[in-house]
Amino acid sequence: MNLVAIQGQGPDHSQAEQFPIPVHDDTWGSPLRSELETIERSTRGDEEEAVETWWRTVDLQLETEWRIVLATPNPAVLQDGEPLEAICSEIVRGRPAGHLSSMDLPGGIPVADIRVLGGGTARRWVSPEGNPIVANEGDVLVAAVGTRAHARAAAGVCAVDKNVYALRLIDADQGPGLARYLNGQAGYARRQILLSGVTVPALKKTDLSRFPVPGSALTDSRPEVDTRPLAIQLERLLWS
């Protein structure tokens, strides 16, 4: 838009008043509307009241785990549900594998690392000769390090990164519900209680094995929640 300036008087604003401004009709964005509404609904969920501060009197001589006592005012939440080891035939952590490549190899297996659990694409592949820990469809992958409660049901065969656990469920149909629970607010809160370490918080296998899961979470048939940050979801949708 160009405004004509009259000498000594500045731009002629009457031109601006008559300048047509394009306005999209109601059909604009309709191809994306349903997907945007799905993303918006995913940001809503049951909330728990945050505990900003608390005091609790305990006899530390009777408490066997001080870190649990210091992490939560209600250690009983760790008894609310079945431990993961009761619904898994095996819990195994990935290991470093040989024959890694940043390009897809013939017969190669994609490596599921924390980036993949967070919604990213695989950036590494490994040859079966590298003797990796392999997860199959229906296994649930869980981050072994970090505070983020990344979890995802494997959609196919993948190699398990050293910073990821593979949960081999007795009933593979429970995978999506378990992943949704672990990524949710309640699962996140329980993960924070069980983390150990300061510089790099990590989840030990023994603590993951006793991670409590309510029975109702395992029968949750809703689609698996998208674990990618909201900004990334919107960017991929709007610019793809």
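**Figure 1. Asp113, a buried residue of the predicted model.** Asp113 has a relative accessible area of 10%, and because residues under 20% count as buried, Asp113 is assigned to that class. The residue is found in the loop that lies between strand E6 (109-112) and helix H5 (114-117). Leaving aside neighbours within four places in sequence, the contacts of Asp113 are Arg124, Asp161 and Val164.

**Figure 2. The largest nonpolar core, with 26 residues.** Within this core, the residues with the most contacts are Leu84, Leu167, Leu178, Leu182 and Val213. At least two core residues come from each of the following elements: helix H4 (84-87), strand E4 (88-93), strand E9 (140-143), strand E12 (164-169), helix H6 (175-183), helix H7 (185-194) and helix H9 (215-218). Apart from this core lies another one, of 13 residues, which includes Ala112, Val116, Ala143 and Cys158.

**Figure 3. The surroundings of Leu182.** When residues up to four places away in sequence are not counted, Leu182 touches Val140, Val142, Ala149, Ala151, Gly187, Tyr188 and Phe211. Leu182 is also among the residues with the most contacts inside the largest nonpolar core.

**Figure 4. The packing of helix H6 against helix H7.** The axes of H6 and H7 are 4 Å apart and form an angle of about 65°. On the H6 side, the contact involves Tyr181, Leu182 and Asn183; these meet Gln185, Ala186, Gly187, Tyr188 and Arg190 of H7. Classified by residue type, this contact comprises 4 nonpolar, 3 polar and 1 charged residues.

**Figure 5. The buried residues of helix H7.** Gly187, Arg190, Arg191, Ile193 and Leu194 are the buried residues in H7. Viewed down the helix axis, the buried residues of H7 fall within an arc of 155°, and therefore line one face of the helix. An α-helix has 3.6 residues a turn, so residues three or four places apart point the same way. The elements covering the buried residues of H7 include helix H3 (66-71), E9, H6, helix H8 (205-209) and strand E13 (212-213).

**Figure 6. Cys88 and Cys158, two buried cysteines.** Cys88 has a relative accessible area of 8% and is buried. A search of the whole structure finds 0 disulfides.

Technical notes
Residues are numbered from 1 along each chain as its sequence is written. This is a predicted model: local features need pLDDT of at least 70, side-chain atom pairs count only at pLDDT 80 or more; totals for chains, interfaces and linings use all residues. Side-chain values use heavy atoms; hydrogens and water are left out. A nonpolar core is a set of buried Ala, Val, Leu, Ile, Met, Phe, Trp, Tyr and Cys residues joined through side-chain atoms within 4.5 Å. Buried means under 20% relative accessible area, exposed over 50%, partly exposed in between (1.4 Å probe, protein chains only). Contact means heavy atoms within 4.5 Å. A disulfide is a pair of cysteine sulfur atoms within 2.5 Å. Axes are lines fitted to C-alpha atoms, for helices over the stretch in contact, and angles run from 0 to 180 degrees between N-to-C directions. Ala, Val, Leu, Ile, Met, Phe, Trp, Tyr, Cys and Pro count as nonpolar, Asp, Glu, Lys and Arg as charged, and the others, Gly among them, as polar. The arc is that of the directions from the helix axis to the C-beta atoms.
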